[in-house]
Amino acid sequence: MSFNSLGLSDALLKAISKKGYTTPSPIQQKSIPPILEGKDVLASAQTGTGKTAGFTLPILQILSQGKHLSHRPIRALILTPTRELAAQILANIKEYGEFLDLRSTVIFGGVNQKPQVAQLRQGIDILVATPGRLIDLQNQGLITLNKVEILVLDEADRMLDMGFLRDIERIMKVLPTKRQNLMFSATFSKDIKKLAMGILNHPVQVEATPENTTVDAITQKVYPVAKEKKTELVIKLITEGNWKQILVFTRTKQGANKLTESMISAGIQAAAIHGNKGQGARTKALAGFKNGSLTALVATDIAARGLDIPLLPHVVNFELPNIPEDYVHRIGRTGRAGANGEAISLFSPDETVFLRDIEKLIGMKLPKENIKGFEPDPNASTEPIKQGQGRQQRNSTPRKPKTDTTNRSSNYSFGPRRPSQNNERRPNR
Ligand code: AMP
């Protein structure tokens, strides 16, 4: 199948060919036609499948064919959980829309609102936004959403995980009831299905990869390792393997900082990216990682969400995630768009429950390989990790992500919920 046969306009085909895409990815093949027909779509697709073009291309086509209003009200609204993802989507819209007369911009928290407001004042056809900043501006009367024709909820599962449900509901109230709705999610929990039922109208359901399964192009390995030797092992893997670009996941911000420092001491160019880092630091780290001046990017789950890093060869789980779905998201950063990748998990005995839950979710046993000199003590305790000091320890299966109005940090607290112990707080307001 070619992009030609999907019914896209010449202006879009020209932009696509400029990007170097020759064949639409499966999610694009399945989602573009129904979106062009004006239908609601519920798509199961994770980052790396080409989902962004799957919705931005048909939106650009629909808006460019519609009637042009001189004052340019916002006609398409794309909601995303993180600033990085928002910025990435806008970059794609600009590229794909290069030969069209449509204006787009992005708004997100953590930066001065003034330039964003100035952009909005000029008239914008497509707005990409994180929910917090959108509501802030809406409350200040700086944004009008009553002409929105198309709504996209991208990475809807992550938006719920991050506690954006109430914000989403508030935004729904100010949108016109008659509109086209598109929802993309990597995982489909009960709460996601409930949200979809509340928002979508007889949606066409499309799927890029089977639910909650990992992509075949990714080689997955587990290295059992003594907890205190993880840092040494990851450094050894990078230096001896001569790895040039590696994304490492830690469970906490503190863990990310500590590991980054150790890597730098070992002569590896590394930077941490997490919710405590300012926007400038995050952008700089990401740019360095993309241009090759940084070898390792150490990230927490939320910070990594939405990063567009094509053809990432190595992903390392320095610690296994306690939310099994996060494993799927993490390793989705490698083997992207057809390229092969390797996802390695450093697994210490105290993560036994996490590994079991991940294997249950993905429906397969992950192959284990011992590395001489790093093996854990066979008698080491398999008691789950204590999160923070003096906190109650977890002794059952991980809690499913909370999808009510609490923030994402609740997934990480096993004891009493204390905001000061948040792993990641909502970063986008
Ligand atoms: P996404 O899943 O939207 O984050 O896209 C993942 C990566 O695939 C991005 O770097 C896109 O630029 C790239 N991409 C999207 N569609 C195609 C395509 N049809 N052919 C090749 N690469 C693509």
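This is a predicted model: local features need pLDDT of at least 70, side-chain atom pairs count only at pLDDT 80 or more; totals for chains, interfaces and linings use all residues.
The overall picture comes first. The protein chain holds 15 helices and 13 strands. Of its 429 residues, 59% count as buried. Contacts between residues at least 6 apart in sequence can be sorted by how far apart the partners sit along the chain, and 76% of these contacts join residues at least 24 apart.

Helix α2 covers residues 26-36 and helix α3 covers residues 51-65; their axes come within 9 Å and cross at roughly 25°. Angles under 35 degrees count as roughly parallel, and α2 and α3 are therefore described as roughly parallel to each other. Their crossing is right-handed. On the α2 side, the contact is made by I27, Q28, S31, I32, I35 and L36, while α3 brings K51, A53, G54, F55, L57, P58, Q61 and I62. Sorted by class, the contact of α2 with α3 has nine nonpolar, four polar and one charged residues.

A second pair of helices is arranged at another angle. Helix α14 (residues 324-331) packs against helix α15 (residues 352-362) at about 70°, and the two axes are 8 Å apart. Angles of 65 to 115 degrees count as roughly perpendicular, so α14 and α15 are roughly perpendicular to each other. Here P324, E325, Y327 and V328 of α14 meet D357, I358, L361 and I362 of α15. This contact of α14 with α15 has six nonpolar, no polar and two charged residues.

Helix α6 spans residues 131-139, and its buried residues are P131, G132, R133, L134, I135 and L137. These buried residues pack against both strands and helices: β2 (76-79), β3, α5 (114-121), β4 (126-129), α7 (156-161) and α8 (165-173). After α6 comes G141, with a positive phi near 75°.

Strand β3, one of the packing partners of α6, runs over residues 104-107 and includes S104. With a relative accessible area of 6%, S104 falls under the 20% cut-off and is therefore buried. Leaving aside residues up to four places away in sequence, S104 touches L90, I93, K94, Q119, I124 and I126.

Most residues other than glycine have a negative phi. E155 is not a glycine, yet has a positive phi of about 50°. H202, also not a glycine, has a positive phi of about 40°. Both sit in loops: E155 is found between β5 (150-153) and α7, and H202 is placed between α9 (190-199) and β7 (204-207). Are these two residues buried or exposed? E155 has a relative accessible area of 2% and is buried, whereas H202, at 73%, is exposed.

Terms used
Residues are numbered from 1 along each chain as its sequence is written. Side-chain values use heavy atoms; hydrogens and water are left out. Axes are lines fitted to C-alpha atoms, for helices over the stretch in contact, and angles run from 0 to 180 degrees between N-to-C directions. Helices (H or I, at least four residues) and strands (E, at least two) are DSSP runs, numbered from the N terminus. Angles under 35 degrees count as roughly parallel, over 145 as roughly antiparallel, 65 to 115 as roughly perpendicular and the rest as oblique. A crossing is left-handed if the near helix is turned anticlockwise from the far one by less than a right angle, and right-handed if clockwise. Contact means heavy atoms within 4.5 Å. Ala, Val, Leu, Ile, Met, Phe, Trp, Tyr, Cys and Pro count as nonpolar, Asp, Glu, Lys and Arg as charged, and the others, Gly among them, as polar. Buried means under 20% relative accessible area, exposed over 50%, partly exposed in between (1.4 Å probe, protein chains only).
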